[in-house]
Amino acid sequence: DPQQIELTTASKRKLRRFIVIDEVVDKLYGSKVREYFEKNNVQHKILALPTTEETKSMDLVLNILHEVQNFSLDRRTEPIIAIGGGVCLDIVGLAASLYRRRTPYIRVPTTLLSYVDASVGAKNGVNFLQCKNKLGGYTPPMASFLDRSFIQSIPRRHISNGLGEILKMALMKHKGLFDLLKNHGKYLLDTKFQSCNGFADHGDAALQTTRIAIETMLEELAPNLWEDDLDRLVDFGHLISPELEMRVLPSLMHGEAVNIDMAFMTYVAHARGLLDAEEKEQILQCMRGLELPVWHSGCSWALIQRALRERLKHSGGQPRMPLPTGLGVAEIFNDTSEETLERAYELWVRD
């Protein structure tokens, strides 16, 4: 907003920023962040916190809000900055939405998963009573700053974890993105999504992959930011995974749990005749190539039934099950029989 910029630069008051940073990110980049604010003569408070699924709670939100209050933040001109993975961005987003009813905030994702997923859209939240994101709201950030150089410092498993959410968008909406992942998956893992010179045979696969993933996510989210329409292709991989992820914490990361859900739903699509055997196998081979799990012993038939019952409670009494109908195309179904689901489960476990 040019008017806000003019007000800020014309003001004699010293610039002030409140920053919440994941404690692991702080160890890697905290000195650079502090140096940046000091060089630009910005008064700042940096709060480093352990932001994990286990700590993703209202207690941490209240901890942040106590510090925000002590900082005497001006909610009109001093946005809160969140630097970290998806959990950090979710927690800070909720804290900002509660402080003075709505305080602007900025997302700076530092993992691949948060880069393509948590940085996009309006949702924020915390876990409650062992349920994933049970408390939350819809407050979009004023900006998301995307910098892939953060991704080079995260472990390989975290890169693979982020690829799970990218594959979701590929299977639902974009055959070209699926082909990119199938053909360049190992290269993207090896180079940690950095744009490397001298690899002409791969082009700039990292830039293409992240750009398409974000654009397809925005296409889905932007017209339905507050989820007034419950038929959402972006729910693919999110019917069973919330129950599984919380049940086996911390053994599965979010993108891994999502991929296990997607693997099962690929079998469901095959059992319904939506995918032929070759398409099913292509999807599973791509998943393995991205070093993602395609099965977990914790994903029992009883857990699947429980998760789908929970789904009905929060989706207007319909399962609203997104399923691939080919590579890069999908539809939402409400008529998958229990018999089909059980047959798909038996084939999945057998394989």
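Begin by selecting Pro250, which is found in the loop between α9 (241-247) and α10 (254-271). The peptide bond that joins Leu249 and Pro250 is cis, with omega at about 0 degrees. Please bear in mind throughout that the model is predicted.

Next, select Glu291, whose place is in the loop between α11 (277-289) and α12 (301-314). Glu291 is not a glycine, yet its phi is positive, at about 60 degrees. Is Glu291 buried or partly exposed? Its relative accessibility is 41%, and it therefore counts as partly exposed.

Now move to the strands β5 (residues 123-128) and β6 (residues 131-138), which run antiparallel and are joined by five bridges. Display Asn124 and look across to β6, where Gly137 stands opposite. The hairpin of β5 and β6 has two residues between the strands, and Leu129 takes a positive phi near 55 degrees there. Within strand β6 itself, select Asn133. Asn133 is a residue other than glycine with a positive phi, near 50 degrees. The relative accessible area of Asn133 is 35%, so this residue is partly exposed.

Which order do its strands follow? The order is β2-β1-β3-β4-β7, and the pairing is parallel.

Finally, show the entire protein, which has 13 helices and nine strands. Its radius of gyration is 21 Å, close to the 20 Å that the globule rule gives for 351 residues, so the protein is as compact as a globular protein of that length. The C-alpha trace spans about 70 × 50 × 35 Å along the principal axes.

With the surface displayed, the protein exposes about 16,400 Å², of which carbon and sulfur atoms supply 51%. Of its 351 residues, 52% count as buried. Among the contacts with a separation of 6 or more, 74% are between residues 24 or more positions apart.

Note on methods: Residues are numbered from 1 along each chain as its sequence is written. This is a predicted model: local features need pLDDT of at least 70, side-chain atom pairs count only at pLDDT 80 or more; totals for chains, interfaces and linings use all residues. Side-chain values use heavy atoms; hydrogens and water are left out. Two strands pair if DSSP finds at least two bridges between them. Helices (H or I, at least four residues) and strands (E, at least two) are DSSP runs, numbered from the N terminus. The radius of gyration is taken over C-alpha atoms; the globule rule is 2.2 Å times the number of residues to the power 0.38. Buried means under 20% relative accessible area, exposed over 50%, partly exposed in between (1.4 Å probe, protein chains only). Contact means heavy atoms within 4.5 Å. Accessible areas come from the Shrake-Rupley method with a 1.4 Å probe; for residues, only the protein chains shown count as cover.
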